[in-house]
Protein chains: 2
Amino acid sequence: MVSVTFRVGGSDVVMHANEGDNLLQAAQRANVAIDAPCSGNGACGKCKVKLLSGALDSPQTRHISDEEYAQGWRLSCVSKVISDVVVEVPDIASAYRSRMKVADISSPRELEIFNNTRAEIEAAGIAFVNNLSAVRVQLDEPSTDDTMPDNERLAWKLTEITGIDRVVITFAALRKLALVLRESNFDVKCVIETTDVVTVLDVLPGADETPVAGLVVDLGTTSVAALLVNMENGEILAKASTGNGQIRYGADVINRIIESSREGGSARLQRAVIDESLKPLIQEMCRAAKISSKNVYRMTLAGNTTMNHLLLGLYSEPVRMEPYIPTFFHADDIRISALHLGLHPEAKLILAPNIGSYVGGDITAGAFASMLWNKEELALFIDLGTNGELVFGNNEFLMSCACSAGPAFEGGDISCGMRATDGAIDSMTIDKETMEPSYTTIGNTEHPIGICGSGIIDIIAELFRCGIINGKGKFSREGRRILHDENGMGSYVIAFAEDTGAVKDVSINEVDIDNFIRAKGAIFSATMTMLGSMGMDPSVLEHVYVAGGIGSGINMKNAVTIGMLPDISLEHFSYIGNSSLSGAYAMLTSSQSREKVDELARSMTYLELSTEPGYMDSFVAACFLPHTDSNLFPSVEIS
Amino acid sequence: MVSVTFRVGGSDVVMHANEGDNLLQAAQRANVAIDAPCSGNGACGKCKVKLLSGALDSPQTRHISDEEYAQGWRLSCVSKVISDVVVEVPDIASAYRSRMKVADISSPRELEIFNNTRAEIEAAGIAFVNNLSAVRVQLDEPSTDDTMPDNERLAWKLTEITGIDRVVITFAALRKLALVLRESNFDVKCVIETTDVVTVLDVLPGADETPVAGLVVDLGTTSVAALLVNMENGEILAKASTGNGQIRYGADVINRIIESSREGGSARLQRAVIDESLKPLIQEMCRAAKISSKNVYRMTLAGNTTMNHLLLGLYSEPVRMEPYIPTFFHADDIRISALHLGLHPEAKLILAPNIGSYVGGDITAGAFASMLWNKEELALFIDLGTNGELVFGNNEFLMSCACSAGPAFEGGDISCGMRATDGAIDSMTIDKETMEPSYTTIGNTEHPIGICGSGIIDIIAELFRCGIINGKGKFSREGRRILHDENGMGSYVIAFAEDTGAVKDVSINEVDIDNFIRAKGAIFSATMTMLGSMGMDPSVLEHVYVAGGIGSGINMKNAVTIGMLPDISLEHFSYIGNSSLSGAYAMLTSSQSREKVDELARSMTYLELSTEPGYMDSFVAACFLPHTDSNLFPSVEIS
C-alpha cells in the first residue's frame with residue numbers, strides 16, 4: 001500500500017492505494033473531483049494534476065508540453081501510483097464544484113424571465129392548481145359511546161369535508177395518527193392528495209404552519225438547478241444550483257453510461273448525483289426556508305433520458321446502443337423513499353416524460369415552457385446543453401430531434417475551455433485594427449483562468465469578423481497575439497501568462513476552433529435537417545427560443561455570425577432561461593400543466609438524425625464559418 | 001462504568017453499564033432474555049437471577065426466601081448494579097427461547113386438523129384461488145423499426161395476455177427490467193397481482209422456477225407460528241414457530257403497551273418481534289425451502305389488536321386506556337419494506353382485521369377457520385391465550401367478547417408455572433387414595449422443572465376430584481405431599497427437590513390455585529355473560545370449538561371439572577388447533593377467504609364485558625370449583 005495525497009484548494013485528501021493503481025480512479029474512490037470529460041481514456045487532456053512529491057508511472061502525452069512535464073504536470077487518467085505521492089489538483093479541474101453559473105433564477109433577469117413564463121402559461125388558460133393540499137380537521141374525541149378507531153374517524157371526517165368516499169391513509173400517516181391526534185386534542189392538519197380518492201400523506205398538529213412543500217429539479221448532465229416551492233400558492237421558498245456530481249465519471253451521457261455499465265457503476269453514478277448534488281441542494285434550500293426535508297411531499301424532475309435512468313439506478317446500456325431503447329418514457333409515481341433523498345416517505349417523484357433515448361424530460365418540460373405549442377407561428381426551440389435538443393412546430397404539430405454537440409459549449413474539448421464558473425471569460429470583443437481583446441470574466445476576477453461557452457462564441461465570432469481567422473477557422477493574420485507552434489498550428493493569446501502570473505497563457509488554437517465549429521455545425525445542421533424533412537428552411541421561422549445553461553450569456557448576433565443559429569432577424573430570438581426548470585415548476589404546481597406536458601410528449605414526433613439521409617452532408621457543410629453556403633447567412637459580413 | 005456478565009446456558013454475555021443501572025433493563029439492552037411478565041414492576045417474581053460475584057443493591061422481596069437470598073438469588077427488576085458483577089440467568093427464565101410447544105402444524109395430529117379445516121372451508125364453496133401469479137412472457141426484441149421502451153413493451157404484452165388495459169410496473173420491477181429482458185432474450189417470468197389493474201411486482205428470467213411464495217404468520221402475545229406457502233398451489237413449503245421476542249418486556253399486552261410508551265419503547269418492541277422472532281423464522285423457513293426471502297411477495301398476519309399495533313410501531317397507549325381506541329381495525333396493503341423483514345420490496349402485508357381493542361385479527365381469522373359462521377347450530381369458539389377471546393353464533397349472527405385471563409394459562413402468576421416448553425408438567429393424575437401423582441413432561445425429561453397451563457388444569461382438577469382441595473381451592477386433606485407454611489398456606493408437592501436434585505420443589509400452592517381459578521373464572525363468566533346478554537345459557541350450545549396454543553394438551557373433561565368450560569357433553573368439544581394460523585393461511589391463498597374474513601369482521605358484534613352489568617357478579621360466582629352454582633356443572637362429582 002502507498003499513500004496518495006490530493007491537494008485540493010487549501011486542503012489535503014489522503015487515501016491509500018495499491019501500487020499500480022490508476023491515479024484518476026484513486027481520486028474517484030476518494031471522492032476527489034478531477035475533471036474527466038472523456039471518462040478517463042486519455043482523449044481530452046482535462047485531468048491534469050501536478051506532482052508535488054513522490055513518483056508516478058506516467059507517460060508524457062500530446063496534452064502535456066515538455067515544459068509542463070518538467071514542471072510535474074501529469075494526466076491522471078494515464079498515471080499509475082508507484083510510491084507515496086502528493087499531487088495538486090488544479091482549480092480548473094475542481095472548478096465545477098464551485099458556484100455554477102447556471103440558468104437558475106437567482107438573478108433578477110432570470111427571475112423576470114421565469115415569471116414571464118409562468119404568466120404566459122396562465123394566459124393560455126392553464127390554472128396553477130394542483131391536488132396536494134393541507135386540510136385542518138377537528139374530530140370528535142372518542143368516548144365509550146363512540147369507539148370508532150382513529151383511522152376510520154379521520155376518514156369519515158375527510159369524506160364529509162371533501163365529498164369523496166374513499167380515503168386512504170398512508171402508512172406514514174397511520175404511524176403518527178394516534179399520537180398526533182391526542183397531542184393536539186383531535187385538531188389536526190392533514191396533508192392530502194385528492195384524485196378520485198383522498199390520500200392522506202401526513203398528519204400534523206392543527207396549529208402547524210409549516211408549508212406543504214414541493215421540490216422542482218432540473219437535472220442536467222453538467223449542472224443541477226432546483227426550487228423549493230409552497231404547494232398551496234406556488235411561492236418559491238428557496239432556490240439553489242450546483243454541479244452534477246456524476247461529472248467526474250464523464251462529461252457526456254455516453255461516457256456516463258459506459259461508466260455505469262462497469263461493476264457497481266450504476267450504484268456509483270446514482271449515489272454521485274444523489275449524495276453530491278441532490279441532497280446538498282435539498283438541505284441547503286430547506287435550511288434557507290427553515291423547514292425539514294420531511295415536509296417535501298412531491299418532487300418533479302426534468303432531465304434527459306440518460307439522467308433519468310441513472311438517477312433511478314437503471315441499467316442504461318440499451319439507451320446508448322442501437323436500437324436505443326430506454327426502460328421507460330413515462331414512469332410516474334416513483335416512491336421517493338427508494339432514492340433515500342430524505343423527503344417525506346410517502347412523497348412521489350414525477351419525471352417529465354422522455355420521448356426517445358436522446359430527447360428526454362428536459363425537452364418535454366422545456367418545450368412546454370417555451371409555449372410554442374400554443375401559438376400559430378412556426379417556431380424553433382433550442383436547448384443548448386451537452387446534447388443539443390431542438391423542437392420545431394406550433395399549435396398544430398411538434399417535431400423534436402437531438403444532436404450531440406459534445407462538451408464544447410461547456411468548455412470541454414477546448415484547450416483553455418472551462419465551465420461557466422468564476423474566472424472564465426464569458427464575453428469578448430477584439431479591436432479589428434490592433435487585434436487587442438477586451439473581455440469580461442465571470443465573478444469579475446482580476447485575471448481570467450479559462451474560457452466558457454459564451455466566451456468561445458464571442459472569441460470565434462470576433463476573430464472571424466476581424467479577419468484573423470478564415471471560414472475554415474485557420475489563422476490568416478499575424479501579430480503579437482498570434483503564435484504558431486512547431487507544427488505550424490496557430491493560436492490567439494487572450495491573456496499572456498507573464499501578464500497574469502498564471503502557469504500558462506489563456507489562448508485558443510486551431511484545434512479548439514475546429515472542435516467548436518463541429519459543435520455549432522451539429523446544432524445548425526440539426527436545424528436544417530429537421531426543417532428540410534418537412535420541405536422547409538429557416539425562412540419559415542417566426543421565432544427561435546434559446547434555452548439552457550449556456551444561454552444566459554449568449555450573444556445572439558455572434559451566434560449567428562459563426563453560423564450556429566439561423567440568420568433571421570435578431571428580434572425573433574428570445575432567450576427563455578432554464579426552460580426545463582420552469583416546465584418542471586409548472587408540472588409541480590399545476591395539474592393541468594402536468595397533463596399538458598404528458599400530452600405534448602405523446603404528440604411530439606421524434607426525428608432520429610443519425611438515420612436521416614442528408615444529415616451528415618448537412619453537418620459537413622455547416623462546419624465552416626458561418627457556412628459553406630454563405631447565402632444562408634446574408635447578414636454576416638465576410639471580410 | 002462497570003461490567004455486567006450474564007451467564008446464560010453455557011455462555012457469557014458481557015456488557016457495560018453505569019453504576020446504579022437497573023439490572024433487568026441492562027439485560028434488555030444486552031438482548032439477554034430474562035422473563036419479566038409483569039414488565040419489571042416487582043410484582044411477579046419471575047425475573048430472579050443468581051449473583052455469582054460482585055455486588056448488587058437489591059432488596060429481599062416477598063418472592064425470595066431467606067435461603068434463596070443467602071444463595072444469591074435476586075429479583076433483577078429491583079436490583080441496581082453497583083460493581084462489576086456476574087449473574088446467572090436460570091433456565092426457567094430463558095426457557096421461552098427454546099422450542100415452544102405451540103400449536104403450529106409440525107405434528108401429524110396438528111397437520112391433520114389443519115387439513116380438515118382447509119377441506120371444510122373448500123366444502124363451504126370457498127375457492128383457494130388468489131390474485132398473485134407468475135406469467136411467462138416472450139416479447140418481441142426491439143429493433144430500429146420497433147423502438148418502444150421496455151416498460152411499454154411489457155405492458156402491451158401483458159394487456160394482450162390478460163385482457164386488462166391498465167398495467168402498472170412497480171419500481172422494483174422497473175429497476176431490473178432492462179437487464180433481465182436482455183439477459184434472457186426477452187423471455188421473462190412476471191410475478192403479477194391482478195385486480196382491475198395488472199401490477200407487475202417482479203420480473204425474472206423466463207426459465208426461473210422459484211415458487212412465488214407467500215408468508216403466513218400467527219403473531220401471538222407469547223408465541224409466533226408461521227408458514228411459507230407456494231402462492232400458486234397453496235402448498236406448504238416450510239413451517240416454523242418460536243417465541244415472541246417482546247416477552248421480556250412483559251407477558252401480557254398491557255405490560256407491553258406500558259413498555260412501548262416509555263422513551264424509545266415503541267421501536268424497541270417493534271424491533272424485538274421483528275429481529276428476534278419474525279426474521280429468524282423467515283430465514284429458517286426460506287433456508288428449508290431453498291428460496292430467498294425476496295421471493296416472498298405477500299404476507300398475511302393474524303394477531304391481536306395490540307400485537308398488530310406494536311408490530312407496526314404505532315403509539316398504542318389509547319388501546320389500553322379507556323375508551324380503548326385502536327389506531328385501526330383494517331389497515332390493508334402496508335408495504336413490507338417499512339418493516340425491514342427482508343421480503344420482496346413490493347410485497348404487501350395483509351392483517352386480519354381487528355374488531356375492537358381486545359378482539360383482534362387472531363379472532364377474526366380464527367372465527368373464520370372455526371366455520372361456525374357456516375352452520376345453523378349455535379356454537380362457541382374459544383381462543384385460550386393470554387387474553388381469552390370468545391365468539392358465539394352461527395350462520396345468522398356472530399358475537400365476540402374478550403376477557404383478561406392473565407398469564408396463568410401460560411404458567412405466569414403460578415409459583416412453579418412455566419410456559420409449555422421442555423421440562424414442563426403437561427398432564428397429571430392423582431391416586432385418590434395415596435394422593436401420589438403420576439405425570440408426563442414435555443420432551444419427556446427425567447425430572448420436571450415446572451408446570452404449564454394444561455398441567456395446571458389437570459393438577460387442580462385432580463386435587464379437586466380427590467377431595468384434596470375444596471371448592472375454594474383450599475387444602476382439606478393432609479399427607480406427605482401437603483405442606484403448610486408459617487402463615488398456614490397449603491401447597492401440594494408434585495416433585496420433591498431431594499428426589500429430582502433441583503434447587504426447589506415443584507409444587508402448587510393456594511395462591512397459585514386462586515390465580516388459576518380467577519383465570520378460568522374469567523373465561524367461564526365471559527361465556528355466561530355473553531350467552532346471558534342474549535337471554536341464553538350453555539344449554540343452547542351445540543358445539544364448542546377450543547383453539548389456541550394451550551389447547552393442544554388440554555383435557556376437556558378436566559377443564560369442565562374445574563368449571564372453565566361449560567358442562568356439555570364431551571363429544572361436543574372440538575380442539576381445532578391454531579385457528580388463527582389456519583385462518584391467516586386461508587386469507588393468503590384464497591381471495592374469497594380474505595373477503596369472508598373482512599365480512600365476518602364487519603358483521604361480528606363486540607360485547608365489552610367490562611361495561612356489561614352482571615359481568616363482575618358472574619366472575620365472582622365463577623371463582624369457585626367448579627362454580628358457586630353447582631347446578632351449572634351436573635356432571636362434576638363433588639366429593
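In which order do the strands of the open sheet of chain A stand? In this predicted model, the sheet has 6 strands in the order S14-S13-S12-S15-S17-S16, and its pairing is mixed. Strand S14 (236–243) and S16 of chain A lie at the edges; each has a single partner strand, so one side of each is left without a neighbour in the sheet. Strands of a sheet pair through backbone hydrogen bonds, in either the parallel or the antiparallel sense.

On one side, strand S15 (residues 296–303) of chain A pairs with S17(A) in the parallel sense, over 4 bridges. On the other, S16(A) and S17(A) run antiparallel and are joined by 2 bridges. A:Lys348 takes part in both pairings: A:Arg298 stands opposite A:Lys348, and A:Lys348 is also the bridge partner of A:Arg335. The two faces of S17(A) are both covered. A:Lys348 and A:Ile350 are buried on one side, while A:Leu349 and A:Leu351 are buried on the other.

Helix H16 (residues 579–589) of chain A packs on this sheet, where it touches strand S12 (213–219), strand S13 (223–230), S15 and S17 of chain A. The direction of H16(A) makes about 150° with that of S12(A). Is H16(A) enclosed or open, judged by how many of its residues are buried? Of its 11 residues, 11 are buried, so H16(A) is largely enclosed by the rest of the structure. The buried residues include A:Ser579, A:Ser580 and A:Ser582, together with A:Leu581, A:Tyr585, A:Met587 and A:Leu588. A:Gly583, A:Ala584, A:Ala586 and A:Thr589 are also among them.

Helix H14 (residues 510–533) and helix H18 (residues 615–622) of chain A pack at an angle of about 135°, with their axes 8 Å apart. H14(A) and H18(A) are therefore oblique to each other, and H14(A) passes H18(A) in a right-handed crossing. From H14(A), the contact draws on A:Gly521, A:Ala522, A:Phe524, A:Ser525, A:Met528 and A:Thr529. H18(A) contributes A:Tyr615, A:Ser618, A:Phe619 and A:Ala622. By class, this contact of H14(A) with H18(A) has 6 nonpolar and 4 polar residues, and no charged ones.

The contact between the two chains takes 32 residues from chain A and 32 residues from chain B. On the side of chain A that touches chain B, helix H5 (150–162), helix H6 (171–183) and strand S16 (334–335) of chain A each supply at least two residues. H6(A) gives the most, with 7 residues. The residues on this side of chain A divide into 20 nonpolar, 6 polar and 6 charged.

Most residues other than glycine have a negative phi, and most peptide bonds are trans. In chain A, the peptide bond from A:Glu322 to A:Pro323 is cis, with omega near 5°. A:Pro323 lies in the loop between helix H10 (317–320) and S16 of chain A. Another cis peptide bond joins A:Leu625 and A:Pro626, with omega about -20°, and A:Pro626 is found in the segment after H18 of chain A.

In chain B, B:Tyr324 has a positive phi of about 60° although it is not a glycine. B:Tyr324 lies in the loop between helix H10 (317–320) and strand S16 (334–335) of chain B and is partly exposed, with 17 other C-beta atoms within 10 Å. B:Lys290, likewise not a glycine, has a positive phi of about 55°. The loop that holds B:Lys290 runs between helix H8 (265–289) and strand S15 (296–303) of chain B. With 10 C-beta neighbours inside 10 Å, B:Lys290 counts as exposed.

A further loop residue of chain B, B:Asn244, is found between strand S14 (236–243) and helix H7 (253–260). B:Asn244 is buried, with 26 other C-beta atoms within 10 Å. Leaving aside residues up to four places away in sequence, B:Asn244 touches B:Gly220, B:Thr221, B:Thr222, B:Ser223, B:Val224, B:Val273 and B:Ser277. B:Asn244 and B:Ser277 are 33 residues apart along the chain, and their C-alpha atoms are separated by 5.8 Å.

Terms used:
Residues are numbered from 1 along each chain as its sequence is written. Chains are lettered from A and ligands numbered from 1 in the order in which they are written. This is a predicted model: local features need pLDDT of at least 70, side-chain atom pairs count only at pLDDT 80 or more; totals for chains, interfaces and linings use all residues. Axes are lines fitted to C-alpha atoms, for helices over the stretch in contact, and angles run from 0 to 180 degrees between N-to-C directions. Angles under 35 degrees count as roughly parallel, over 145 as roughly antiparallel, 65 to 115 as roughly perpendicular and the rest as oblique. A crossing is left-handed if the near helix is turned anticlockwise from the far one by less than a right angle, and right-handed if clockwise. Two residues are in contact if their C-beta atoms, placed from the backbone, lie within 7 Å. Ala, Val, Leu, Ile, Met, Phe, Trp, Tyr, Cys and Pro count as nonpolar, Asp, Glu, Lys and Arg as charged, and the others, Gly among them, as polar. A residue is buried if 20 or more other C-beta atoms lie within 10 Å of its own, exposed if 12 or fewer, and partly exposed in between; C-beta atoms are placed from the backbone. Two strands pair if DSSP finds at least two bridges between them.
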